[in-house]
Amino acid sequence: MIRLVLALVPAVWVIAIAIIAVQNATPVSFRLLNLQSIEIPFGVLLAFCVAAGMLAAALVLLVLGGNPLRAPRRQKRSEP
């Protein structure tokens with residue numbers, strides 16, 4: 001069941017990006033600090049941002065050694 005949900009999340013994002021990209025075809029430029037990107041459609045910019053966020057989350061999980069599919073282990077109590 002968890003795998004189904006994990007597969008549906010990116011699918012919903014792709015559908016949402018496709019709808020937004022079709023509705024907002026006007027070019028926009030991204031400005032961060034003093035840097036400005038070239039003008040690209042809003043849907044493409046949104047897709048890049050979502051992909052960057054997914055990669056960042058995957059890298060954080062890789063560095064911290066977490067496994068989102070595994071239940072956390074319970075500590076055993078030491079009995080006197």
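User: Where in the chain is the place of Met1?

Analyst: In this predicted model, Met1 has its place in the segment that comes before H1.

User: Why is Met1 called exposed?

Analyst: A residue is called exposed when its relative accessible area is over 50%, and Met1 has a relative accessibility of 79%, so it counts as exposed.

User: What makes the nonpolar surface patch that includes Met1?

Analyst: The patch, which covers about 720 Å², is made by Met1, Leu4, Val5, Leu8, Val9, Trp13 and Met54. The element that gives the most to this nonpolar patch is H1, with 5 residues.

User: Which elements does the chain have, and how many?

Analyst: The chain has 2 helices and 4 strands, and, read from the N terminus on, these elements run α-β-β-β-β-α.

User: Why is Asn24 called partly exposed?

Analyst: The term applies between the buried limit of under 20% and the exposed limit of over 50%, and Asn24 has a relative accessible area of 33%, so Asn24 is partly exposed. As for its place, Asn24 is in the loop between helix H1 (2–23) and strand E1 (27–28).

User: What does Asn24 touch, leaving out residues up to four places away in sequence?

Analyst: With those sequence neighbours left out, Asn24 touches Phe42 and Gly43. Although Asn24 and Phe42 are 18 residues apart in sequence, the distance from C-alpha to C-alpha is 6.3 Å.

User: How do you know that the length of helix H2 is close to what is expected?

Analyst: Helix H2, residues 42–64, has 23 residues, and the distance from its first C-alpha to its last is 33 Å, which is close to the 33 Å expected at 1.5 Å a residue. The residue that follows H2 is Gly65, and its phi is positive, near 75°.

User: What feature does UniProt place at residues 42–64?

Analyst: According to the UniProt record, which is an unreviewed entry, residues 42–64 carry the feature "transmembrane region". In the model this span is 100% helix and 0% strand.

User: Which residues of H2 are buried, and what covers them?

Analyst: The buried residues of H2 are Gly43, Leu45 and Val50, and the elements that cover them include H1, E1 and strand E4 (40–41). For the chain as a whole, which has 80 residues, 6% count as buried.

User: Why is Ala51 called partly exposed rather than buried?

Analyst: Buried would require a relative accessible area under 20%, and exposed would require over 50%; Ala51 has 35%, so the term for Ala51 is partly exposed. Ala51 lies in helix H2, and from C-alpha to C-alpha it is 9.8 Å from Pro10, although Ala51 and Pro10 are 41 residues apart in sequence.

User: What is the accessible surface of the chain, and what percentage of it belongs to carbon and sulfur atoms?

Analyst: The accessible surface of the chain comes to about 7,500 Å², and 69% of this area belongs to carbon and sulfur atoms.

Note on methods. Residues numbered from 1 in each chain as written. Predicted model: local features only at pLDDT ≥ 70, side-chain atom pairs only at ≥ 80, totals over all residues. Heavy atoms only, no water. UniProt positions renumbered as here; feature names shortened; annotations may be inferred. Buried < 20%, exposed > 50% of the residue type's maximum accessible area, 1.4 Å probe, protein only. Contact = heavy atoms within 4.5 Å. Expected span 1.5 Å × (residues − 1). Patch = residues over 30% accessible without salt bridge, like charges linked within 9 Å, V, L, I, M, F, W, Y side chains within 5 Å. Areas by Shrake-Rupley, 256 points an atom, 1.4 Å probe, with all protein chains shown as cover. Salt bridge = Lys/Arg side-chain N within 4 Å of Asp/Glu carboxyl O.
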